[in-house]
Amino acid sequence: MNAPPTTANEELFAYPQDRACPWQPSPGYQDLGRRGPLHRVRLWDGRTIWMVTGHTQARRLLADPRMSADRSRDDFPAVLPRLDAPIFKPIAIIGFDPPVHDVHRRLLAPDFSLKHVRAVRPQVEELARRLAADMLRAGPPVDLVQAYALPIPSMVISELLGVPYEDHEFFEAKTVGLLQAKSAEDAERAGRELWDYLDGLITRKEREPGGSGVLSRLAGQVTEDGDLTREDLLRIALALLIGGHDTTSQMIALGVVTLLEHPDQLAALRADPGALPAAIDELLRLVSITDVSGVRVATEDIEIDGEVIRAGEGVLVSSSMTNRDPAVFPRPYEFDVHRTVGDNAASGRQHLTFGFGIHQCLGQNLARMELEVAFSVLFEEIPGLRLGTPLEALPTRSGGTMQGVHTLPVEW
Amino acid sequence: MWVSADRERCISGGRCMAATSEVFDQDEDGIVVVLTSNPAPEQEDRVRKAAYLCPSRAIRIGDGPAGG
C-alpha cells in the first residue's frame with residue numbers, strides 16, 4: 001500500500017469551507033467549480049486529496065469498483081478531525097466494499113424499498129399534522145427544528161428500527177455530539193455512548209424475540225461465523241439511527257428556509273401541488289445538505305480527463321458543486337421548482353445529493369417521502385409561516401461538511 | 001426497444017420504479033423486476049432515464065425486440 005500523499009503546500013485550497021448562504025456552496029467551492037472538474041485540496045491534517053466538482057467525472061468515479069469506500073484502510077482520508085475517531089472505522093455499509101457491503105445492504109433493502117415507504121406514508125402524514133397542531137397550540141415563536149423538523153424523521157426511524165422513541169432526546173443529542181464534534185476524542189465519546197445504548201437495546205431484543213422493527217428482525221439472524229455478526233448488527237444499528245434522522249431533519253429545516261426566502265417559488269408550488277415530488281428533488285439538488293456525495297480512496301491508478309488519480313490517493317466528490325455543473329443543470333444556482341416537471345421529470349433526479357454507485361443512500365426513498373409530507377403539511381397547516389430571525393442571524397452549523405442550523409425560529 | 005435488469009447488481013434504489021412503474025417493479029426483497037422486456041414506445045424515454053439513473057448500473061437497454 002502506498003503512503004498517503006501529504007504536502008506542506010499552504011497555497012492549496014483548504015477543505016472544507018463554510019457557506020455564506022444556507023442553500024449555496026461556499027464561495028471558494030464556486031470559484032473551484034468555474035476552473036474545472038478536478039482539483040487538489042488540502043485537509044486539516046495536511047494531506048492532499050482530489051475534490052471532484054464535475055458531474056460526469058463524479059458519476060464515473062463513484063461507480064468505479066477501483067474506488068474503495070473502506071474506512072478501515074490506512075490510506076482512507078479523514079476529511080474532518082472527527083472522522084479519525086475509531087467509531088467511524090468502519091461505518092456499517094457505506095464504509096465497506098463488496099462483498100460485505102452487498103450482503104448487509106441486501107439484509108436491509110426490503111425495509112427501505114419504495115413499496116415499503118409508500119405503505120408507511122399515511123402514518124407519517126398523521127404525525128406531521130399532529131406536530132403542526134401542537135405548534136399552532138403553543139403559538140409563535142417556535143423552534144422549527146425541535147418542534148417539527150427533528151421529530152418527524154426521528155420518530156419514523158425509531159419506529160422502523162424498533163428503537164424506543166422515548167429515548168429520542170438522548171440519541172439526538174449524542175448524534176449531534178458525534179456529527180458536530182470538532183475532535184476525534186469528542187466524536188469517540190459521543191459515539192461510544194450511542195454504541196453502549198444500542199448494545200443494551202439489542203441485548204433486550206435478543207432476550208425477548210418477536211419485537212417490531214428492523215433491529216428485532218436482524219437480532220434473530222446474528223451468527224458469529226455467518227453474514228451478520230453481533231458487531232455488524234451494532235454497526236448497522238448505529239449507522240441507520242444516525243443516518244436516519246440528522247440529515248433529514250436538517251434538510252427539512254434548510255428546505256423551509258429556502259422556500260421562505262423564495263416566495264415566488266413557494267407560491268408556484270402552492271398553485272401546483274402536483275409539482276411537489278419534482279420540487280423535492282430540486283431542493284435536494286440545491287441545498288445538498290451533506291455537501292459530499294462520497295469519499296473514496298483509489299486502489300489502482302485511474303486515468304480521468306487527462307489526470308491520473310494514483311493508487312492510495314483520496315477522492316472527495318462535492319455534491320453542492322456536481323449539482324451545479326452547468327452542462328447538466330442550466331442556470332445552476334437558481335432555485336426553480338419547475339426545473340424538473342413534465343417530460344423532464346426523471347432528468348431532474350440527476351443530482352448527486354444521495355451519491356451514486358453501490359453506496360447511493362439506502363434511505364433516499366424514505367427521505368423523499370418524509371420531505372414531501374413535511375413541506376406539504378407545514379405550509380398547508382401554517383400558511384402564514386415566516387422566519388423569526390433575519391436570514392443572516394440564523395445559527396448555522398460551521399466547520400464541517402454537513403449543513404444545518406442549531407435552531408430555526410419561526411413565526412406566523 | 002428491449003430492457004433487462006441484472007438482479008445481482010441491483011441495490012434496491014428504486015430509481016427505475018420511480019421513473020416508470022409501468023416497466024419496473026420491486027419484489028418483496030426490494031430487488032428490481034422488469035414487467036415488460038419490450039416497453040411501449042411512449043415509455044422509452046422513461047426507460048432510458050431509468051437506465052441512466054440506476055446507481056448500480058443494473059439496467060441494460062438496446063434497440064430491437066430482444067437482447068441482453
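In β9 of chain A, A:Leu316 is the bridge partner of A:Val295. Strand β6 (residues 292-298) and strand β9 (residues 314-318) of chain A pair in the antiparallel sense over five bridges. Two strands pair if DSSP finds at least two bridges between them. Strands (E, at least two residues) and helices (H or I, at least four) are DSSP runs, numbered from the N terminus.

This is a predicted model, in which local features need pLDDT of at least 70 and side-chain atom pairs count only at pLDDT 80 or more, while totals for chains, interfaces and linings use all residues. Residues are numbered from 1 along each chain as its sequence is written, and chains are lettered from A and ligands numbered from 1 in the order in which they are written.

**Six-stranded sheet**

- The open sheet of six strands in chain A has the order β1-β2-β3-β9-β6-β4, with mixed pairing.
- Its edge strands are β1 and β4 (67-68) of chain A, each of which pairs on one side only.
- Strand β1 (residues 13-14) of chain A pairs with β2(A) in the parallel sense, over two bridges.
- A:Ala14 stands opposite A:Arg42 in β2(A).
- Strand β2 (residues 38-42) of chain A is largely enclosed by the rest of the structure, because four of its five residues are buried.
- A residue is buried if 20 or more other C-beta atoms lie within 10 Å of its own, exposed if 12 or fewer, and partly exposed in between; C-beta atoms are placed from the backbone.
- Helix α2 (residues 55-62) of chain A lies across β2, β3 (48-52), β4, β6 and β9 of chain A, and runs at about 130° to β9(A).
- Such angles run from 0 to 180 degrees between N-to-C directions, with axes fitted as lines to C-alpha atoms, for helices over the stretch in contact.

**Three-stranded sheet**

- Three strands of chain A form an open sheet in the order β5-β11-β10, and the pairing is antiparallel.
- Here the edge strands are β5 (142-143) and β10 (386-387) of chain A, each pairing on one side only.
- β10(A) pairs with strand β11 (residues 409-411) of chain A in the antiparallel sense, over two bridges.
- A:Arg386 stands opposite A:Glu411 in β11(A).

**Nonpolar core**

- The largest nonpolar core has 137 residues, and A:Ala237, A:Ala253 and A:Val315 touch the most other members.
- Helix α10 (residues 230-260) of chain A gives the most to this core, with 15 residues.
- A nonpolar core is a set of buried Ala, Val, Leu, Ile, Met, Phe, Trp, Tyr and Cys residues joined through C-beta atoms within 7 Å.
- Not counting residues up to four places away in sequence, A:Val315 touches A:Ile49, A:Trp50, A:Val52, A:Leu61, A:Met67, A:Arg296, A:Ala298 and A:Ile309.
- Contact between two residues means that their C-beta atoms, placed from the backbone, lie within 7 Å.

**Helices**

- Helix α8 (residues 184-207) of chain A has 24 residues and reaches 34 Å from its first C-alpha to its last, close to the 34 Å expected at 1.5 Å a residue.
- The expected span is 1.5 Å times one less than the number of residues.
- Buried residues of α8(A) include A:Ala187, A:Gly191, A:Leu194 and A:Lys205.
- Cover for the buried residues of α8(A) includes α7 (168-179), α9 (214-219) and α10 of chain A.
- The axes of helix α12 (residues 276-287) and helix α14 (residues 364-381) of chain A come within 10 Å and cross at roughly 110°.
- That makes α12(A) roughly perpendicular to α14(A).
- Angles under 35 degrees count as roughly parallel, over 145 as roughly antiparallel, 65 to 115 as roughly perpendicular and the rest as oblique.
- A:Leu276, A:Pro277 and A:Ile280 of α12(A) meet A:Arg368, A:Leu371, A:Glu372 and A:Ser376 of α14(A).
- A:Leu283 is found in α12 of chain A, and counts as buried with 27 C-beta neighbours inside 10 Å.
- A:Leu283 touches A:Gly255 and A:Thr258, not counting residues up to four places away in sequence.

**Interface with chain B**

- In all, 17 residues of chain A are in contact with 19 residues of chain B.
- On chain A, α3 (100-112), α4 (114-138) and α14 each supply at least two residues of the side that touches chain B.
- α3(A) gives the most to that side, with four residues.

**Backbone features**

- The peptide bond from A:Pro98 to A:Pro99 is cis, with omega near 5°.
- A cis peptide bond also joins A:Pro140 and A:Pro141, with omega about -5°.
- A:Ser288, in the loop between α12 and β6 of chain A, has phi near 40°, a positive value in a residue other than glycine.
- A:Ser288 counts as buried, with 28 C-beta neighbours inside 10 Å.
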